[in-house]
Structure formats: C-alpha cells, structure tokens
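Thanks for coming, everyone. I'll take you through one structure this morning, from the overall fold down to single residues. Have a look at it first.

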Amino acid sequence: MSSPAAVPVETETSEPVLGDFGGGAFGIYVHVPFCATRCGYCDFNTYTAGELGTSASPQSWLDALRGELSTAAERFAALPSATPEVATIFVGGGTPSLLGGDGLADVLDAVRANFTLAAGAEVTTESNPESTDPAFFERLRAAGFTRISLGMQSAAAHVLKVLDRTHTPGRAVAAAKEARAAGFAHVNLDLIYGTPGESDSDLDASLDAVLSAGVDHVSAYSLIVEDGTALARRVRRGELPAPDDDVLAARYERIDARLTAAGLTWYEVSNWAAGPAAACRHNLGYWDGGDWLGAGPGAHSHVGGVRWWNVKHPARYADRVAAGGLPAAGWEALTADERYTERLMLAVRLRTGLPLAELDEFGAAAAGQIVADGLAARHEDHLVLTDRGRLLADGVVRRLLVP
C-alpha cells in the first residue's frame with residue numbers, strides 16, 4: 001500500500017491514514033500527564049490535580065489508555081504487514097511514579113493485552129525520586145519493568161529551587177541505589193546543567209553524586225528557557241539571567257570528561273552509557289527512524305512515515321477515545337525531503353554517525369568542508385561528530401541541509 005500524500009490535517013475528527021510499518025524497531029510510548037507540582041522550566045503536556053479538578057483522574061486516564069491501545073491494535077492489524085513485536089516500552093510524563101507500583105503494573109498489563117512483547121523487550125519508566133521507595137521498585141521489577149530513569153537534575157539545593165524541583169538533593173542517588181537493590185541492572189539519572197546560579201563546583205558535586213550511585217546511564221541536558229514557562233517569565237522580568245552559551249559549552253565538556261573517565265561513553269550527544277547494553281533502546285528507536293505508537297494525551301506516534309499527535313487535555317482525550325477511533329488532533333505524511341531532513345538531524349547526533357552514502361550532492365560537499373573544519377571525521381564511511389562538533393551539532397545539521 002502506498003503512503004498518502006503529504007498533507008497536515010488539523011481537525012480533531014480525522015484519523016491518520018496509515019500506509020504500512022517501516023520495517024524498523026517498533027516501540028510504544030505511554031504518556032502519563034500527571035504531576036504533583038509544575039516545575040518552572042517544564043513545557044511538557046502535564047497537569048496538577050488542581051488544574052484538572054474533577055475533569056480527569058488517573059483511573060479515567062487508564063481506562064482511556066486501554067481503549068486507545070485496543071483501537072490502535074485494530075488499526076495496525078489492518079495494515080499489509082503484521083504488527084511487529086514490541087521491542088521497547090517507555091512510560092514517561094509527567095510523573096509516572098505518581099501512579100504507584102500497582103498503577104504502572106496496570107499500564108504494562110494494558111500494553112500486553114493488546115500487543116505482543118518481544119523476548120527481552122526493554123521496559124522503562126520515568127520516576128520522580130520523591131515518589132519512589134524500595135517497595136515501589138520491587139513491584140515494578142515483579143511486573144516486568146527492566147529499566148528506571150530518575151529525574152535528578154542537580155545535587156545543589158539552590159539549583160533545584162530555581163528549577164522548582166521538589167525532591168531533596170540526596171534523594172535521587174538513594175532512589176537509584178534502591179532500584180539497583182531491587183534488581184534493576186539499567187538505571188538512568190537525568191541532569192540539567194546551566195541553571196542560573198549553578199557554579200562549576202555545583203556541577204562537580206552533582207557529577208560526584210551521580211557516579212556514587214553506580215548507575216549505568218546518564219542523560220545531561222542544557223537548560224532551555226521555553227516560551228510560556230514560569231522560568232521564561234522570570235528571565236524576561238530580569239529576575240534570573242538567561243543561560244550563557246559559553247558557560248553551557250564549558251559545562252558540557254566538564255560533564256563529558258568526568259563521565260568518560262568513569263567508563264560512561266557518549267552514544268548520543270546528550271547521553272552516556274556503560275556499554276551498548278546500557279544504552280536506551282527506546283530512544284535509539286527514535287533516533288534510528290523506527291516506528292512507535294505514542295499513547296496518552298498529547299503523545300506523538302510515527303508509523304511508516306505517517307505521524308500523528310493526540311489531543312492534549314486528559315478529559316478531551318478520554319472523550320475522544322470513548323467516541324471511537326484514534327484520539328488524534330492532527331496528522332501528516334512526511335515527504336521524502338522531510339524524511340531526509342529528520343534522518344540527518346537524528347543520525348548526526350549518534351556516535352555511530354550518519355552514513356555518507358545517504359547524503360545528497362549538496363550534503364556530501366558540505367560534509368567535506370565540515371570534516372576540514374574539524375567538526376566531524378570520516379569513520380568507516382560514516383560522518384561522526386568530533387568533540388568540538390558535538391558542541392555545534394545543530395550548526396552541523398544546518399550546514400548539511402541549507403545551501
């Protein structure tokens with residue numbers, strides 16, 4: 001079956017017209033839209049209990065999630081190719097750990113009721129350190145989760161305060177150790193660097209804490225001031241300085257040096273792992289151009305070059321699922337040029353690099369100059385970023401794409 005013509009559809013009554021699976025890894029992302037409080041820097045599709053009132057609840061969300069998974073399985077069964085086994089599941093948010101161990105087990109059961117998991121499937125959940133304890137991790141392990149990702153952000157109390165994070169500085173490390181004690185071989189800690197008021201010594205203390213936790217994966221992201229957030233309003237009013245690009249670059253180099261020395265190697269610009277088995281397979285599915293179903297309010301999906309995104313508000317999401325069909329707010333079929341652009345944007349960020357054979361004539365010529373400028377190197381017919389190139393990854397992509 002051929003893919004439909006590229007046309008964005010903005011109405012909330014139109015389901016995506018699917019072609020077929022693309023042949024890559026297939027994953028499922030589940031979005032949990034609930035948070036106890038709203039962090040000042042966050043622009044994700046999340047809601048506190050006060051914001052939702054009585055319009056939605058974890059139970060109504062779970063009921064709707066079951067309905068969406070069932071409908072998606074039916075739609076996929078009608079495609080020319082058999083629905084692939086699910087290689088990875090990632091439960092994100094929001095704060096999935098607010099559901100508790102039993103609630104997250106119910107989520108995994110809902111996926112299993114509609115899809116077949118591959119042998120050795122990776123099953124990850126994000127968790128806020130303050131809403132976890134040893135019993136929580138033991139329940140997740142028994143349910144079939146294989147990987148834990150904890151939001152640490154910083155070990156400095158004043159940095160967490162600027163970010164409006166509610167956990168105490170030492171709790172993330174304690175939670176990571178509890179997860180490992182429960183039998184999780186794969187545990188990630190997230191860091192944010194470049195927060196106003198963060199010093200080099202603050203970052204060093206955070207890295208000391210991360211390495212003391214014995215985790216096999218670290219994600220580190222520079223602070224981005226997103227429009228519409230409380231942090232953006234504080235910066236605009238002059239209460240906080242905007243992150244400095246030179247400081248961010250120096251902090252990234254500091255992080256990379258410490259993690260590399262500790263045996264954690266970068267495999268994507270913002271991610272380090274203690275060997276290939278520790279890399280996040282779900283995220284690699286995105287970066288390698290695989291297919292995935294995004295279930296839950298505001299979640300995005302991609303199957304065979306067709307992308308769609310769900311309505312955002314949990315109550316409207318539940319209403320759409322109850323009415324039948326996929327709860328899409330819009331969809332688009334990517335053109336060949338759009339697929340090429342996305343392939344370059346994602347593959348360039350990986351340590352494995354971008355196959356030079358995939359570049360068009362302009363991109364091949366630009367790649368030669370990028371190598372000459374020391375931003376990338378040729379390794380086994382791949383274009384791979386150098387250490388300096390990683391600091392300028394977005395610029396490298398622009399040079400490959402823009403005449």
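**Cysteines, fold and a few residues**

Let me start with the cysteines. A search of the whole structure turns up 0 disulfides. Keep in mind that this is a predicted model. For anyone who wants the reminder, a disulfide is a covalent bond between the sulfur atoms of two cysteines. Two cysteines to look at: Cys35 and Cys280. Are they buried or exposed? Cys35 counts as buried because its relative accessibility is 14%, and the cut-off for buried is under 20%. Cys280 is buried too, with a relative accessible area of 1%.

Now the whole chain. The protein chain has 15 helices and 15 strands. How does its radius of gyration sit against that of a compact globule? For 403 residues, a compact globule would come out near 22 Å. The protein chain has 21 Å, so the two agree. Along the principal axes, the C-alpha trace spans about 55 × 55 × 45 Å.

Next, the inside. Buried residues make up 52% of the 403 residues. Take the contacts in the protein chain with a separation of 6 or more: 72% of them join residues 24 or more positions apart.

The chain exposes about 17,000 Å². Carbon and sulfur atoms supply 53% of that area. On charge, we have 33 positive and 51 negative.

Let's zoom in on one helix, α11, residues 314-322. Which of its residues are buried? Pro314, Ala315, Tyr317, Ala318, Arg320 and Val321. Note the arginine in that list, Arg320. What covers the buried residues of α11? The cover includes two helices, α1 (49-52) and α2 (58-77). It also includes two strands, β11 (306-310) and β12 (328-333). Just after α11 comes Gly324, with a positive phi of about 95 degrees.

That brings me to backbone geometry. Most residues other than glycine have a negative phi, and most peptide bonds are trans. Here are some exceptions in this model. Gly93 and Gly94 are joined by a cis peptide bond, with omega at about 20 degrees. Gly94 sits in the loop between β2 (86-93) and α3 (100-112).

Then two aspartates. Asp164 is not a glycine, yet its phi is positive, about 65 degrees. You'll find Asp164 in the loop between α5 (157-163) and α6. Asp164 counts as partly exposed, at 32% relative accessibility. Asp381 also has a positive phi, near 65 degrees. Asp381 lies in the loop between β14 (376-379) and β15 (382-385). With a relative accessible area of 61%, Asp381 is exposed.

Now a buried residue in a strand. Thr125 is in β3, residues 117-127. Its relative accessible area is 0%, so Thr125 is buried. What does Thr125 touch, leaving out residues up to four places away in sequence? The list is Val91, Pro96, Leu104, Leu140, Phe145, Arg147, Ile148 and Ser149.

From there, go to Arg180. Arg180 is in helix α6, residues 171-181. Arg180 and Thr125 are 55 residues apart in sequence, and their C-alpha atoms are 14 Å apart in space. Arg180 counts as partly exposed, at 37% relative accessibility. Beyond residues up to four places away in sequence, Arg180 touches Ala185, Val187, Ala213 and Gly214.

Two more stops. His158 lies in helix α5. With a relative accessible area of 40%, His158 is partly exposed. Again leaving out residues up to four places away, His158 touches Gly197, Glu198 and Asp202. Pro169 is 11 residues from His158 along the chain, with 9.5 Å between their C-alpha atoms.

Last one, Asp245. Asp245 is in helix α9, residues 245-261. Is Asp245 buried or exposed? At 62% relative accessibility, Asp245 counts as exposed. How far is Asp245 from Asn310? The two are 65 residues apart in sequence and 34 Å apart in space, C-alpha to C-alpha.

To wrap up: 0 disulfides, a radius of gyration that agrees with a compact globule, and a cis peptide bond between Gly93 and Gly94. Over to you.

Note on methods. Residues numbered from 1 in each chain as written. Predicted model: local features only at pLDDT ≥ 70, side-chain atom pairs only at ≥ 80, totals over all residues. Heavy atoms only, no water. Disulfide = S-S within 2.5 Å. Buried < 20%, exposed > 50% of the residue type's maximum accessible area, 1.4 Å probe, protein only. Helix = DSSP H or I, 4+ residues; strand = E, 2+ residues; numbered from the N terminus. Rg over C-alpha atoms; globule rule 2.2 N^0.38 Å. Contact = heavy atoms within 4.5 Å. Areas by Shrake-Rupley, 256 points an atom, 1.4 Å probe, with all protein chains shown as cover. Lys, Arg positive; Asp, Glu negative; His and termini not counted. Charge placed at Lys NZ, Arg CZ, Asp CG, Glu CD.
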